[in-house]
Amino acid sequence: MTIKKAYTNGFQLAIRSPRMIFTLYITNFLLVALFALSFNSALQSAVGNSMLFDNFLKNDNSLVLSDILNNGGEGILAIIGQLRWGLIAYWLLNIFLVGGIIRTFNKQRYSLNMFFGGAGHNFPKLLGLSILITLTHLIVIGLIVFTTSLGIDQFSHKFESERMYVITVAIGFLVYLLIAVILFLASDVSKFYLLLNDSNNFLKAYFKGIGFVFRKFLKIYALYIALLIVPVISFYLFTKINGDIGMNTGVGLLIIFGIQQVFVYIRFGFRVWILGSIFEFYADDLLLNNRIALDKERLSELAAQKADLSKMMIAKVEAETSTNDVELEIIPPVSDLEEKTVDTETEETFDYDFEEQKDSENQNDQNDEDFEDNENDYPEKPVG
Amino acid sequence: MKKFSFCLVFTILFVFLQSANSQTINNKNKALSERIANYDISVKLDSEAKTVSGELTLNWKNTSPDTLNELHFHLYLNAFKNTQSTFMQESGGGALRGVGMDKNDVLSWGYCQVSSITNTKKEELINSFSYIQPDNKNTHDQTVAKLMLNQPLNPCETIELKIKFETKLPKIFARSGFADNYFLVGQWFPKIGVYEHSGIRGAKNGQWNCHQYHASSEFYADFGVYKVDINVPSEFIVGATGILLNEKTGSEGTKTLSYLAEDVLDFAWTCSPKFKVIESEWNDVKISVMMQPDHLKQADRYIESLKIALEYFTEHVGPYPYKHVTVVDPPLKGMGSAGMEYPMFITAGTLWKLPDGLRFPENVTIHEFGHNYFMAILATNEFEEAWMDEGMNTYFETRIMDESYGVHSAWIDFDFYKQGDLESKITGYNYSEKNKIAPSNQFSWLYTSGGYGMMSYNKPAVFLSTLDKMLGRETMDNIWKTYYKRWKFKHPSTKDFCDIVKEVGAIKYEKLYQSNIKDFLYQSIYTTRVCDYKLNSISNTKIEPDYGLYKKDGKNLNIRKEDAPQPKFKYLSKVNLLRLGEFTVPVEIKVTFANGEEKTTVWDGKERAHIIKFNTDSKIISAQIDPDYKNILDINLSNNSYTLKPKKSGLWKLTVKFLFAIQNVFQFFSAFI
């Protein structure tokens, strides 16, 4: 798949997933709001009847903050102290949610049941993977800090000014960023590997992910960098708007609050976009290069149960896997068809290329259970 | 008294003659000071051995009515001779302001060794020269020495001594020394102490005031004229106290620079082959900024802030009497010398690419230049009364910084966080758990646990700012102008300053606050009391009509409630005030009523609890202690006001900021999944 196509497909996935993004946003907001409301209560309790804050809206005053923290801030400091537990909780929650995101990508549509079902199902393996990823980051950071310190120790006598220290540290930071991109990519790919193969071996998945990133290094790195451009621009725009409006009036406060939340929401969109693009890139590569052997025989068996549709599907899958044509036709995921009939709530669905896929939905109902068991046996081609 | 009068006449005559003969740099070509300690120094820098060696001629005048048999000298750099010096022991093995000594390098150690002392009769006095320890019993400390004279020095007599010395500069960690080829040469020559005769700074008897070099103290010296010849390798660029008279090329790739500094109490210099010198002018004062090449783009930050300081001090205190100021920008390895003051010569400090929002270069320039007033002109004893130097100067630093760069943004100025300079000092004192650690007038080396910085810098800045707000800027400036006019080129004491405050500010203070200004000064300077007033509560009680049994015109009356005459006012409103701290100061109380009416009254602040009552038709909705925030000493602002109708918008602003910050932090860490 071309970078452009992965980029745009990821974008398509993101904009078709407002409810999923909202789910991510609202979990973040609700968790943080718990702390923010406690913070507000602590403030009220400390200075609720004081006039100290009367002019704070118009004029930020560091003295006011110092005074509160020093004289009435036990409650506030306790809340700030508790944030570390909140951070760990949010980290775990995110691991949980990522399982849902990938399930959604896999199924090409969103429903709460499916999202949280996938989140729960995938949580243990993603937790292991996330710990591994975090450890890798820590090891890399440790190595870079160690190397940089060693370099500074060895050459500091030659440094004529702090410029060399700053440059050395900046180089260390840059090296980390470059490696971190690889690690982020590898972690995303390994998640897909883990889930598409329904494997529990997160260590293998991680190495597979790293291997994949190195095999496709230039393309996938370029894709990631391209994906970062819009978030960076949006961050710049946000800070500019934020600074221009300011929280100096009640209306300004509301506007800025709104803008901040939109910005947070959009950032979750960017996260989904990035994940989606990499998913597209990876899944497409899997199919095109037969990285995972398709159990054609089993597929045929399963497809045979699908009455009229099965013949068509087998023919198309075989046609897909026997050609390197980049403009591959999309096969509707069989398990999708099954789940669509199971879910009773409103769903965000994606467009399919084949009209007949829609026609076949009802016919698939009877085979739901069979497909439920086998949905992870082969990769499902996402909408291209 | 007769002897003293004679001495005075002689001194005036001497000063007159000396000023007529000398090459002066001041405006009116006359001596500005008594010129007690005058030095003619000729030294050579060995840039490899890191030594400065040579000879000085000291011309010291006994302006006291006492006959002296001994002279005391500072040999400051002996503080870095070994680990047993008082400085090294007090500083925990060699560290100042977070910069530690590199004791593994043999070149790190420093000393000031006197090899010969002769008088005008060529008599060698070195055998009468011995180390003493006036402050403690540390016999290993060699930072003060006593010279026994072979004949007494009578009042008004001048003694001339030739002293040969070698100074080994330490690797910089505390103000003076070297870092590679950067040299900051301060406290570097045998320097005579101050003889304080009866009456000087409250002395009852004449005595030498010559303290050892301590970790938490600076210096004290008499004024004089310095003629200094410095020989350095020819590639070195030199800056120094005073003005450059000439520069001569010497032998073996060296050059000699001759400086003259009049009416100064110290002489420091710097040199490095890497300096880039930027020059500027303010009125008739020449400004030289000696920059590190990597910091060149920040030269304007030094120059502009220095001009602001020159302008400000001239307007609010008194004229800058010298013709030159040199600002030294030290390299990173020489940061131990950053932020130091000498007459006409200061060291600042910055870092490569330091953001404009961090105003460290401006702050340090303004602060160190301020010492040209509070130390170099108003020559207080920094050993014994450090607050008069650091504290007064920090107070002015906050004034200049905040007025020039913003009350809430002078020190740190970023979109996400701002802090004013006075705010930083208030935070440093008011909100520190150590704010009762010691009074501000303590001998500086006796402070422990960070007390020196807090009580010499922050607390005086806070109480002087309080005095400023209470008296008003005009009166406060009159105090400073009077102080300058009366005590320039002399040695004022705390009492001398307090006398001026009382003289200039007492009438206004007493008129405004019906309180004695002496109380404020005493508590601020001599006690460890902290100030904390609390507005405990407000209440509004409906006034009931008077009813019950009364006797009128001999008749018993039973006035029922419904028949009782209505009271004149609807409410009895009370404001309940508490004094939680020990420090008492008169404070204004502002009360706001529901009908918008405001009333302001003054409470002398002395009782532990105080109630202010109002009979009104409108309820009190809020009350504030010190509504204009004059009492900056109050360590708790949150409890200074009480309102029944709090404005929540400020709290919500902070809550929204908190929420967004935490959302960002959480989102950032969720990337590691």
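Visitor: Which residue is the bridge partner of Ser42(B) in β15(B)?

Guide: The bridge partner of Ser42(B) is Asp229(B), in β15(B). Before we look around that pair, please keep in mind that this is a predicted model. The mean pLDDT of chain B is 92, with 96% of its residues at 70 or more. For the model as a whole, the scores are ipTM 0.79 and pTM 0.84.

Let's begin with the strands around your pair. Strand β1 of chain B covers residues 37-46, and strand β15 of chain B covers residues 224-233. These two strands run parallel and are joined by 6 bridges. β1(B) also pairs with strand β2 (residues 51-61) of chain B, this time in the antiparallel sense and over 10 bridges. Within that pairing, Leu45(B) sits opposite Val52(B) of β2(B). Together β1(B) and β2(B) make a hairpin, and 4 residues lie between the two strands.

One is Arg175(B), a residue other than glycine with a positive phi near 70 degrees. You can find Arg175(B) in the loop between β9 (158-168) and β10 (177-179) of chain B. Met375(B) belongs to the loop between α4 (360-370) and α5 (386-405) of chain B. Met375(B) counts as buried too, because 27 C-beta neighbours lie inside 10 Å.

From the loop that holds Arg175(B), β10 of chain B leads us to a sheet. This is an open sheet of 4 strands in chain B, with the order β10-β11-β19-β16 and antiparallel pairing. At its edges stand β10 and β16 (237-240) of chain B; each has a single partner strand, so one side of each has no neighbour in the sheet. On average, neighbouring strands here are turned by 10 degrees against each other, direction ignored.

Chain B is divided into domain 1 (34-225) and domain 2 (533-645). The C-alpha centres of these two domains of chain B lie 63 Å apart. One stretch of chain B calls for care: over residues 1-28, pLDDT stays under 50, and the model has 35 contacts beyond four places in sequence for that stretch. Where pLDDT is low, the predicted coordinates should not be read in detail.

Finally, let's meet the partner chain. Chain A has 14 helices and 0 strands. Of the 384 residues in chain A, 38% are buried. Among contacts in chain A between residues at least 6 apart in sequence, 73% link residues at least 24 apart. Where chain A touches chain B, 55 residues of chain A and 46 residues of chain B take part. Helices that each supply at least two residues to the chain A side include α2 (18-47), α5 (112-155) and α9 (250-289) of chain A. The largest share of that side, 11 residues, comes from α2(A). By class, the chain A side that touches chain B has 28 nonpolar, 21 polar and 6 charged residues.

Chain A averages a pLDDT of 76, and 74% of its residues score at least 70. Residues 290-295 of chain A keep a pLDDT under 50, with 11 contacts beyond four places in sequence in the model. Over residues 323-384 of chain A, pLDDT also stays under 50, and the model has 103 such contacts for them.

Technical notes:
Residues are numbered from 1 along each chain as its sequence is written. Chains are lettered from A and ligands numbered from 1 in the order in which they are written. This is a predicted model: local features need pLDDT of at least 70, side-chain atom pairs count only at pLDDT 80 or more; totals for chains, interfaces and linings use all residues. Two strands pair if DSSP finds at least two bridges between them. A residue is buried if 20 or more other C-beta atoms lie within 10 Å of its own, exposed if 12 or fewer, and partly exposed in between; C-beta atoms are placed from the backbone. Two residues are in contact if their C-beta atoms, placed from the backbone, lie within 7 Å. Domain bounds come from an automatic or database domain assignment. Ala, Val, Leu, Ile, Met, Phe, Trp, Tyr, Cys and Pro count as nonpolar, Asp, Glu, Lys and Arg as charged, and the others, Gly among them, as polar. pLDDT is the predictor's confidence in each residue, from 0 to 100. Axes are lines fitted to C-alpha atoms, for helices over the stretch in contact, and angles run from 0 to 180 degrees between N-to-C directions.
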